[in-house]
Structures are given as C-alpha cells and as structure tokens.
Amino acid sequence: MTDIDNNCLHILDQNGQFLRCVDDCGLERPYGLSVDSEGRLWVGLLDSGEIKVIKYGAVIEAFKIFHERVIPVLLKVVRRIVHLFLVAYICVFACTINKL
C-alpha cells in the first residue's frame, strides 16, 4: 500500500497484516503500486512521473517515463483522433451539401 503523505510503502500480507514499512528508497509521493511475477515492486511517483522498481527494499531501476515517453505518445494519439474526427465531420458535411 502506498503512503503518499509519509513517502513510504506499507507491506501487508495476504490477510492485511502489516509486515514492514519501506521508507529508505527515496520515494517522493508514491501513488501507484504493482508487483510483478519476480516479486519486484513497481512504484509510480505522483509529482515526478517516475516509476521506481524495488526488490528487497532497494531501488534497482528508476524510469522517468511519464514526461519522456507517455506524454508524446498520448499527444500523437489525441492528434490522430482529432484528425479522424475532422475528416469524418468534413465527409458528413460534404454529403449534406451534395444532397441539397
């Protein structure tokens, strides 16, 4: 469980019992959390957009993907959707004029 106010993670067992607090990995405002098949914790940081990978209490990788990869991809998708919408609108408008 992420604790955004205390910049740490609370590790719970399958019954919800507290096991330990991970507060020594330089996490600043952890927001998203996932565990992969190898037992690594993938932690998304709210303000920086970084994703840190933690194994046995130590950060093993850190990715700053939000600003470098995610936003450009999202912009391309949005541009493409807007383009397709405009093309469809123009086609409908042209068909309406031709019917008049």
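Buried means under 20% relative accessible area, exposed means over 50%, and partly exposed lies in between, with a 1.4 Å probe and protein chains only; by this definition, 18% of the 100 residues of the protein chain count as buried. The model shown is predicted, and local features need a pLDDT of at least 70, side-chain atom pairs count only at pLDDT 80 or more, and totals for chains, interfaces and linings use all residues. Residues are numbered from 1 along each chain as its sequence is written, and side-chain values use heavy atoms, with hydrogens and water left out.

**View A. The protein chain as a whole, with 1 helix and 7 strands.**
Helices (DSSP runs of H or I, at least four residues) and strands (runs of E, at least two) are numbered from the N terminus, and along the sequence they follow the pattern β-β-β-β-β-β-β-α. The predictor's confidence in each residue, pLDDT, runs from 0 to 100; the protein chain averages 78, and 78% of the residues score at least 70. Confidence is highest in strand β1 (residues 2–3), at a mean of 90, and lowest in strand β7 (residues 58–64), where the mean is 59. Among contacts (heavy atoms within 4.5 Å) with a separation of 6 or more, 21% are made by residues 24 or more positions apart. The protein chain exposes about 7,600 Å², of which carbon and sulfur atoms supply 60%; accessible areas come from the Shrake-Rupley method with a 1.4 Å probe, and for residues only the protein chains shown count as cover.

**View B. The open sheet of 3 strands, in the order β1-β2-β3 with antiparallel pairing.**
β1 and β3 stand at the edges, each with a single partner strand, so one side of each is left without a neighbour in the sheet. Two strands are taken to pair if DSSP finds at least two bridges between them; β1 is joined to strand β2 (residues 8–12) by 2 bridges, whereas β2 and β3 pair over 4 bridges.

**View D. The salt bridge of Arg29 with Asp47.**
A salt bridge is a side-chain nitrogen of Lys or Arg within 4 Å of a carboxyl oxygen of Asp or Glu, and a search of the whole structure finds 3 of them. In the bridge of Arg29 with Asp47 the closest N and O atoms are 2.8 Å apart. This pair links distant parts of the chain, 18 residues apart, with Arg29 in the loop between β3 (18–22) and β4 (30–35) and Asp47 in the loop between β5 (41–45) and β6 (50–55). Arg29 is partly exposed, with a relative accessible area of 33%, whereas Asp47 is exposed, at 54%.

**View E. The network of salt bridges that links Asp36, Glu38 and Arg40.**
Arg40 has its place in the loop between β4 and β5, and Asp36 also lies in the loop between β4 and β5. Arg40 forms a salt bridge with Asp36, in which the closest N and O atoms are 2.7 Å apart, and the side chains of Arg40 and Glu38 meet in a further salt bridge at 3.9 Å, N to O. Both Arg40 and Asp36 are buried, the relative accessible area of Arg40 being 17%. The C-alpha atoms of Arg40 and Lys52, which are 12 residues apart along the chain, are separated by 10.0 Å.

**View F. Polar contacts of the Asp36 side chain, including one with Trp42.**
A polar contact is a pair of N or O atoms within 3.5 Å; within protein, one must be able to donate a hydrogen and the other to accept it, and residues adjacent in sequence count only if both atoms are side-chain atoms. The side chain of Asp36 reaches the backbone nitrogen of Glu38 at 3.0 Å, and a contact of 2.9 Å joins the side chains of Asp36 and Trp42. The side chains of Arg40 and Asp36 are likewise joined by a polar contact, of 2.7 Å.
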